[in-house]
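User: Hi! I'd like to understand the wording used for this structure. Could you walk me through it?

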Amino acid sequence: MTQSRISLSPIDADPVSVDTDCLVIGLMHAAALPGWAGSLNEATGGLLERLREAGELPTSAGRSLMLHEPDGLRARRLLIVGLGKPGKWTEHVYAAITRAAGQAVRASRARSAHCLLPLLEVPGRDDAWKTFQAAIGMDHGDYVYTATRTPRDDDAPPTESVTLPAIDGIDALLTRADAVNAGVRTARDLADLPPNICTPAYLAERATQLAEEIDGLEVEVLEEDAMIELGMNALMAVGKGSVNRPRLIRLRWTGGSGAPYALVGKGVTFDTGGISLKPRELMEQMKFDMGGAAATIGALEAVARMKLPLNVDGVVAAVENMPDAGAYRPGDVITSMAGKTIEVHNTDAEGRMILADALTWTERNSKPAAMVDIATLTGACVVALGHHASGIMTRDDELAEELLTAGLEASDRGWRLPLWDEYQKQIETPFADMKNIGGMPAGSITAGCFLSRFVEDTRWAHIDIAGSAWQWGKPESATGRPVGLLVRWLIDRAG
Ligand code: BES
Ligand code: MN
Ligand code: ZN
């Protein structure tokens with residue numbers, strides 16, 4: 001179902017004579033032409049210089065100018081991407097323009113491209129970083145969701161191949177980029193699929209298919225009998241109201257030695273809110289509520305495809321949150337797998353319920369070196385950070401640093417929120433060990449506090465992706481975040 005990703009390869013060629021559908025370059029509006037552009041300018045009879053003098057180079061970052069059949073070049077198109085203002089030029093703008101370039105290349109119906117964006121100077125970043133990011137951004141920009149619609153006349157065909165200037169170590173680098181692209185595509189595709197298709201059983205099926213397809217990737221699926229047996233009452237409570245029964249999925253990559261690193265994803269395939277029903281506006285967006293599960297599956301696909309020398313477990317708690325005669329209710333007190341009791345105050349705070357048991361199970365079964373959960377957990381996180389950063393919560397300063405660094409490195413940024421004990425008070429209740437909501441103040445943090453109670457003694461962090469999991473650019477679609485951050489973190493752990 002997933003459309004295939006762009007095939008990536010290096011070439012050592014003169015840009016003037018490279019045989020491609022589209023040559024991609026970046027130029028700063030009004031700035032002097034950089035050295036690498038000299039030969040292109042010359043070959044085109046001074047075209048670049050004339051565009052610059054006429055003020056016709058794109059001004060804002062990511063806006064582009066597509067020239068067809070440029071005289072003097074072998075390339076059939078020349079795409080000039082704007083870089084924005086010199087003072088605002090950062091590694092994150094660079095990452096954004098690589099995505100914009102990928103989108104423009106596809107829209108032009110070019111089937112191949114040669115991407116010279118790594119020739120740009122990027123503050124603090126070397127050729128390897130720029131090349132990797134371009135390989136990822138171009139593929140990101142090429143993604144178009146088509147699974148459930150009839151083809152349209154103006155659908156552009158996918159770009160088939162992108163070449164990049166050869167540098168030292170580029171083969172290994174492109175292999176890794178390709179693996180990340182595969183994982184990101186899977187994550188986006190799963191999150192974009194409608195909730196009547198992408199059910200808990202469907203997630204289990206796709207995870208199983210991946211395990212069949214990729215050598216050494218193993219899968220295990222628990223159905224409800226097994227979960228009831230294990231006492232996963234918090235997870236099962238959320239699933240009670242739906243005919244689409246819950247699944248617990250574990251993908252396992254054993255590429256190294258030692259305790260695995262564990263990812264735990266929230267896989268609410270549709271979140272109506274349950275008996276605490278959500279308002280009708282934008283409820284359809286809640287198909288994205290399995291974004292954490294999608295990122296977990298995508299990250300496992302990526303580490304397996306790149307054969308990362310590390311052990312990694314990806315656990316997905318998949319349920320649908322529906323209102324029904326059998327649904328759990330506000331006021332219910334549920335005994336979690338860990339034996340802790342939870343008073344339900346709002347059935348719409350379901351993510352933390354399912355993650356509670358998933359964290360307990362993962363900690364006990366995988367005995368991980370570190371455990372990171374990923375969840376579209378709170379609307380409050382969208383209020384706090386918008387769509388640009390994922391919310392990272394942990395009491396472990398070192399782990400916070402690792403994740404923040406990975407996010408910067410992958411241009412898939414996180415931002416830390418505190419998990420101070422003082423916030424724990426907000427989830428106290430006379431009727432159980434805790435309640436499942438903490439009131440209006442610091443809604444993302446009290447959700448994190450709730451989760452923290454289900455981790456015994458493992459290094460653990462929680463990533464709230466409610467804002468970052470979608471709305472990067474147009475057309476609206478899942479972003480595949482934070483696959484980039486997670487895979488970077490795991491690569492760093494593999495050393
Ligand atoms: N899936 C939602 C969180 C969400 C909201 C993600 C909007 C993306 C956009 C989650 O299950 C939820 O409903 N959270 C509640 C918690 C509240 C009841 C304490 C929320 O954020 O309103
Ligand atoms: Mn909810
Ligand atoms: Zn939810």
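Analyst: Happy to! This is a predicted model. Let's begin with strand 14 (residues 390-393) and strand 15, which pair in the parallel sense over three bridges.

User: What makes strand 14 and strand 15 a pair?

Analyst: Two strands count as paired if DSSP finds at least two bridges between them. Strand 14 and strand 15 have three bridges, so they pair. One of the residues involved is Ile 392, whose bridge partner in strand 15 is Arg 416.

User: What is the order of the strands in the open sheet?

Analyst: The open sheet has eight strands in the order 7-8-10-9-13-17-14-15, with mixed pairing. Strand 7 (217-222) and strand 15 (414-416) are its edge strands.

User: Why are strand 7 and strand 15 called edge strands?

Analyst: Each of them pairs on one side only. From one strand to the next, the twist averages 20°.

User: Which strands does helix 13 touch?

Analyst: Helix 13 (residues 443-452) packs on the sheet and touches strand 13, strand 14 and strand 17. The direction of helix 13 makes about 145° with that of strand 17.

User: Now the metals. Why is the site of the zinc ion (ligand 3) called octahedral?

Analyst: Six donors count as octahedral if opposite donors are over 155 degrees apart and all others lie between 65 and 115. The zinc ion (ligand 3) has six donor atoms with angles of 78 to 173° among them, and its site is classed as octahedral. Its coordinating residues are Lys 266, Asp 271, Asp 289 and Glu 350, at 2.0 to 2.4 Å.

User: What parts of the chain do Asp 271 and Asp 348 tie together?

Analyst: Asp 271 lies in strand 9 and Asp 348 in the loop between strand 12 (341-343) and helix 10, so the pair ties together parts that are 77 residues apart in sequence.

Methods
Residues numbered from 1 in each chain as written. Chains lettered and ligands numbered in written order. Predicted model: local features only at pLDDT ≥ 70, side-chain atom pairs only at ≥ 80, totals over all residues. Heavy atoms only, no water. Donors = N, O, S within 2.8 Å, 3.2 Å for Na, K, Ca; no water. Tetrahedral: all angles 85-135°; square planar, octahedral: opposite > 155°, others 65-115°. Helix = DSSP H or I, 4+ residues; strand = E, 2+ residues; numbered from the N terminus. Axes fitted to C-alpha atoms, helices over the stretch in contact; angles between N-to-C directions. Contact = heavy atoms within 4.5 Å.
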